Amino acid sequence: MSTPGYPIAPDPNVPWTGALRRYDLIKEVVIATLVVLLLTIGCALVFSSPDDKPVTIASWSAADPADFLTTAVSELNGTSGTATYGPPYTSVSGAGQNLIGGISLQRIVGVHIPIDAPHAFVLEPLRIVAQTDPALSTVLDEYEHSTSAEQTKWTDAYSAALPKAVFKGSAVTLPPGHYGPVGPMMTALLAQARAGGLDGALISSDRFYQSDFTKALLFLADGGYLESLAGAQHLQGSQWGMMNETGNYPGQAWLWLYTFWYQVPPFSTSDNADAQIWGLMALFSAAFICIPFIPGVRSIPRALPVYRLIWRDYYRRAER
């Protein structure tokens, strides 16, 4: 039986007796390809977005060593964004965005990607260099065997002196102060970063494929350099920008559905916008999947005459 309003499918066993028309498929394909190609080139020239090289820790430490060291010290003393973020990285009481009514999916799931910021970003990478540098090994031992009060005193003094630091290559010259082992540690970390070794150290794991960039991305995000680049390209949450995803296609175009909601209240002023927008998009996705099961909504195609436009030749002949 046929569905009312829709054409009856032809019987494949009955020869066609209707009208015939010559159709050059090759010609149509060539014309369609040329039209799409011209439209693609034209839109790319008019609406193209930047396709900059990826930001690495090596490029960051070379372009803004002061910001790099400021971030490294904050990782060392446990005050960075990652160290205080909470689940899924650290156990911080009350941390984590609320979805609705105080419900936090972050706290419910808990810590499943544990990251000890001082060790992950500073001490463990330096231990790699210390294997061939006895002086650095001694400095690291001194820091790790000192009291937390002494460590805080050294990192606070170093952080306070950084605005007056003078950089020349990997060398850092600070005003006289009591920096303890933190001074040579930061100098060694800067040298490791500028040589590209820190990028490799932060993705190193016990797996065969070294493709986990979690720590490297978190370290970059804790600094101000990446944020300043994003602001210049209008990519921050309060802005409306788009950039190609290096080495991939079609890039970040799919993100517009998410970034749109950051621009409108109440999400634009909410401290829990990430979790709330995730929940909203989850509801929209579920509703889209359930369209075939929603009475009324599933009948919209029958109410709209779009199918008559698609099958216009059939209806033109049928209504004669």
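At what angle do helix α6 and helix α7 pack, and how far apart are their axes? I looked this up first.

**Entry: ground rules**

I am working on a predicted model, in which local features need pLDDT of at least 70 and side-chain atom pairs count only at pLDDT 80 or more, while totals for chains, interfaces and linings use all residues. I number residues from 1 along each chain as its sequence is written, and side-chain values use heavy atoms, with hydrogens and water left out.

**Entry: α6 against α7**

I read an angle of about 120° between helix α6 (residues 134-144) and helix α7 (residues 148-161), with the axes 9 Å apart. Helices here are DSSP runs of H or I with at least four residues, strands are runs of E with at least two, and both are numbered from the N terminus. The axes are lines fitted to C-alpha atoms, for helices over the stretch in contact, and angles run from 0 to 180 degrees between N-to-C directions. I therefore put α6 and α7 down as oblique to each other. The classes are roughly parallel under 35 degrees, roughly antiparallel over 145, roughly perpendicular from 65 to 115, and oblique for the rest.

Next I listed the residues that meet: Glu142, Tyr143 and Glu144 from α6, and Gln151, Trp154 and Thr155 from α7. Contact means heavy atoms within 4.5 Å. By class I noted 2 nonpolar, 2 polar and 2 charged residues in this contact. Nonpolar covers Ala, Val, Leu, Ile, Met, Phe, Trp, Tyr, Cys and Pro; charged covers Asp, Glu, Lys and Arg; polar covers the others, Gly among them.

**Entry: Thr155**

The cut-offs are under 20% relative accessible area for buried, over 50% for exposed and partly exposed in between, with a 1.4 Å probe and protein chains only. Leaving out residues up to four places away in sequence, I have Thr155 touching Val73, Leu76, Asn77, Tyr143 and Val182.

**Entry: nonpolar cores**

How many residues does the largest nonpolar core have? I noted 44, and those with the most contacts inside this core are Ile57, Phe68, Phe121, Tyr158, Met185, Met186 and Phe219. A nonpolar core is a set of buried Ala, Val, Leu, Ile, Met, Phe, Trp, Tyr and Cys residues joined through side-chain atoms within 4.5 Å. Two or more residues each come from α2 (57-63), α3 (65-76), α5 (117-130), α6, α7, α8 (182-194), α9 (197-203) and α10 (214-222).

I followed up Met185, which, neighbours within four places in sequence aside, is in contact with Leu76, Val122, Leu123, Leu126, Val139, Leu140 and Tyr143. Another core, of 6 residues, lies apart from the largest one and includes Trp261, Phe267, Ile277 and Met281.

**Entry: salt bridges**

How many salt bridges does the structure hold? I have 3, each being a side-chain nitrogen of Lys or Arg within 4 Å of a carboxyl oxygen of Asp or Glu.

Asp141 and Arg127 form one of them, at 2.8 Å from N to O. Asp141 is in helix α6 and Arg127 in helix α5, so the pair ties together parts 14 residues apart in sequence. Glu144 also meets Arg127 in a salt bridge, at 2.5 Å from N to O. This pair, too, links α6 with α5, over 17 residues. I have Asp141 as partly exposed at 31%, Arg127 as partly exposed at 28% and Glu144 as partly exposed at 32%.

Arg316 pairs with Asp313, with the closest N and O atoms 2.8 Å apart. Because they are 3 residues apart in helix α16 (residues 312-318), about one helical turn separates them. Arg316 is partly exposed at 45%, and Asp313 is partly exposed at 40%. Shared partners join Arg127, Asp141 and Glu144 into one network.

I placed Ser268 in the loop between α12 (256-261) and α13 (273-289), and it counts as partly exposed at 37% relative accessibility. Ser268 and Ser238 are 30 residues apart in sequence and 7.5 Å apart in space, C-alpha to C-alpha.

Phe288 lies in helix α13 and is exposed, with a relative accessible area of 62%. I have its C-alpha atom 51 Å from that of Ser159, 129 residues apart along the chain.
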